[in-house]
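The sequence and the structure are shown below.

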Amino acid sequence: MQQQPNKLRPFFENLEFERDDNTMVINFGPQHPSAHGQLRLVLELDGEQVVKAYPDIGYLHRGIEKMAENMIYNEFLPTTDRMDYIASTSNNYAFAHAVERLIGLEVPRRAQVIRTMLLELNRIISHLFFLATHALDVGAMSIFLYAFREREYAMDLMEDYCGARLTHSAVRIGGVPLDLPEGWLSDLTTFIDKLPEQIKLYEDLLTENRIWRMRLEDVGIVTPEQALEWGCTGVMLRGSGIEYDVRKEEPYELYGELDFDIPVSDRCDSYGRYRLYMEEMKQSVRILRQLIGMYSKTDSQLMAHAPQYISAPKEEIMTQNYALMQHFVLVTQGMRPPKGTVYAPTESPKGELGFWIRSEGEPYAYRLKARAPSFFHTGILQDILPGTYIPDVVTIIGSTNIVFGEVDR
Amino acid sequence: MRKYTPKDNVQAKAKYTDRFWVAPRTPRSPVEGEHYEAALAKLKESVEVLDAWIELGQMLVTIRPEQNVDALRTLKEECGYAMCSELSAVDYLAQDGEFEIFYQLLNLAEAKRICVLTRIKENQAIESIVPLYAMAKFAEREMYDMFGIVVNNHPYLKRIIMPDDWEGHPLLKTYPLEGDEFASWYEVDKIFGKEYRDIIGPELRDPARIDRYDTQRFSRIGHEVPFGADPELVDETETPIEYSSDVLVDYNKGPHKVLDKRK
């Protein structure tokens, strides 16, 4: 039956069954619980097999790059929270890191320790979220509850530090705004002492679970060639046997001094990626343990001293006239980084997150491009989905660990 | 006379700039003697390199726009730059009538990055790099969507983030932050139809706008107004604040425990 679309009765593409090649087109999303946000995946199906997949994005577009051109640098920082809202400190940090590299700023050691701690804590939060939602998509309900319980403790730690649970803005350009509150380190120690037991619980429940393995093994194969040419990063790349982690290869903050391993899997499938996420959480615990020891050996400075770009400490502003004047200019007009181009990659929980900034010496970035890992991990769906079956589509979307705040920006 | 505002760049500008302010430049160094020398030599054999320098930890190369595919092929196949992290454009139409396109490449074995820059005229198209890097299937679509730059031989050049029937390209410097005339009517036309424009009015895209008579989105401190009440009936007199004596504890009353000794 041919549809006759008009204003009152639009064209329903999912009703178009009677096609010559006998394939059916369905819309997977944009409101689908396992689409992890606003992903509209147009699937052409032959029976239950996907013939063609077309990921349609843009339902969460807020024009973050446009806003970056109309905000002074410090003003834009809280906006970056809204990109990867599962681990927002990693976005704040990536932006602050790019601007710091642009103006050539050295961050005090204590701020570096705190930032690295927050980054790793965010990695744990994000990976626990991944595990919970991925397991829930695949059908393991109890894991969701266990992983979210542990994530709550990590979010409590974030809340104790910066007051926010999701949109942290816990990093500033030039350092961190606050020192760790009293007792925070002992809370963190309690958390990382408990976490390995919990990870063992998840692994006992899933790793050798027959259903879990049947659903994940050999599903969502990403060959190394595909991963490279699609610009996959993070676990998507390391799950295909290519060892590349920005933390190890191009160290930033304290990662050069820390002792940790980069797990790699050459299975190329969802199961290998799941194993990597579990391993990475263990490595994050290892990093956090080392950082706790480092913290006590630092002095108390938290923000870099660069009066041209960063406001002076409060005591100076309140006592010295010139510091007050500079602070006033920095707040009302914004800092003016030098003219130039910078690209600063960081390893966010999802992959390589970097900000490409073109500065024309104005207080507003002339162009800011956020290189979001999930954007390309969504793109690769069109190449890896054809040939798979509908239930596997859910596994594959979960396994790519995409967050739509970051995809649409 | 009113102040003339330029129309070719409507983005936010510095409110005050000192007359004698000269913006500094990030330090640039020559490529000679650096790690990138070999890659640059190979690149110079295949294409014309207009300029090359090292800035903030990576090499930047400017090339001719017609040779973008050749340059990237050389870098990918001969120099090991196997991944293209990002590509997009910068709008320089107001200054030079040109777009600057950048390709951000990564060599995984050596952990080195190169940024390839090229400039095209306003209505000039650029060749697609999809045969080299599949990520361009998405990234070039985004560039087309945001800047209107046409990419030749792209397999599926369609808007990706904005709706298919959108007019205008949002990241152009001529495009205001709040959206243009088309944007303010887009949803009204789409949901209700053009004939409802008079009734509903354009979409208000000023994020700082507060309507004190809007009883649906704003509460009014000190004035008890029911949700969605008719603004005509809103009582302007202030509602007296009433405290419950049970909830509010008067700490000034009763015996105080005086700490006479510091613990």
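This is a predicted model: local features need pLDDT of at least 70, side-chain atom pairs count only at pLDDT 80 or more; totals for chains, interfaces and linings use all residues.

Two packed helices are described by the angle between their axes and the distance between the axes. The table lists two such pairs.

| Helix pair | Crossing angle | Axis distance |
|---|---|---|
| α5(A) (residues 141-162) and α6(A) | about 165° | 10 Å |
| α6(A) (residues 184-206) and α11(A) (residues 270-295) | roughly 165° | within 10 Å |

An angle over 145 degrees counts as roughly antiparallel, and α5(A) and α6(A) are therefore roughly antiparallel to each other. The crossing of this pair is left-handed. On the side of α5(A), the contact residues include I143(A), Y146(A), A147(A) and L157(A); they meet residues of α6(A), among them W184(A), F191(A), Q198(A) and L206(A). By class, the residues of the contact of α5(A) with α6(A) are 15 nonpolar, one polar and three charged.

For α6(A) and α11(A), the orientation is likewise roughly antiparallel, and the crossing is left-handed. Here α6(A) contributes residues including L185(A), T189(A), I192(A), P196(A) and I199(A), while the residues of α11(A) that they meet include M278(A), M281(A), V285(A), R289(A) and Y295(A). The contact of α6(A) with α11(A) has 13 nonpolar residues, one polar residue and three charged residues.

L188(A), L195(A) and Y202(A) of α6(A) take part in the contact with α5(A) and also in the contact with α11(A).

**A buried helix**

Helix α16(A), residues 390-400, is largely enclosed by the rest of the structure, because nine of its eleven residues are buried. The buried residues are D392(A), V393(A), V394(A), T395(A), I396(A), I397(A), G398(A), S399(A) and T400(A). After α16(A) comes N401(A), which has a positive phi near 55°.

**Contact between chains A and B**

Chain A gives 43 residues to the contact and chain B gives 36 residues. Elements of chain A that supply two or more residues to the side touching chain B are the helices α1 (64-69), α3 (88-103), α8 (224-229) and α14 (373-379), together with the strands β4 (340-348), β5 (351-359) and β6 (367-371). This side of chain A comprises 15 nonpolar, eleven polar and 17 charged residues.

**Domains of chain B**

In chain B, domain 1 spans 28-139 and domain 2 spans 181-233. Taken over C-alpha atoms, the centres of domain 1 and domain 2 of chain B are separated by 47 Å.

Definitions and conventions. Residues are numbered from 1 along each chain as its sequence is written. Chains are lettered from A and ligands numbered from 1 in the order in which they are written. Axes are lines fitted to C-alpha atoms, for helices over the stretch in contact, and angles run from 0 to 180 degrees between N-to-C directions. Helices (H or I, at least four residues) and strands (E, at least two) are DSSP runs, numbered from the N terminus. Angles under 35 degrees count as roughly parallel, over 145 as roughly antiparallel, 65 to 115 as roughly perpendicular and the rest as oblique. A crossing is left-handed if the near helix is turned anticlockwise from the far one by less than a right angle, and right-handed if clockwise. Two residues are in contact if their C-beta atoms, placed from the backbone, lie within 7 Å. Ala, Val, Leu, Ile, Met, Phe, Trp, Tyr, Cys and Pro count as nonpolar, Asp, Glu, Lys and Arg as charged, and the others, Gly among them, as polar. A residue is buried if 20 or more other C-beta atoms lie within 10 Å of its own, exposed if 12 or fewer, and partly exposed in between; C-beta atoms are placed from the backbone. Domain bounds come from an automatic or database domain assignment.
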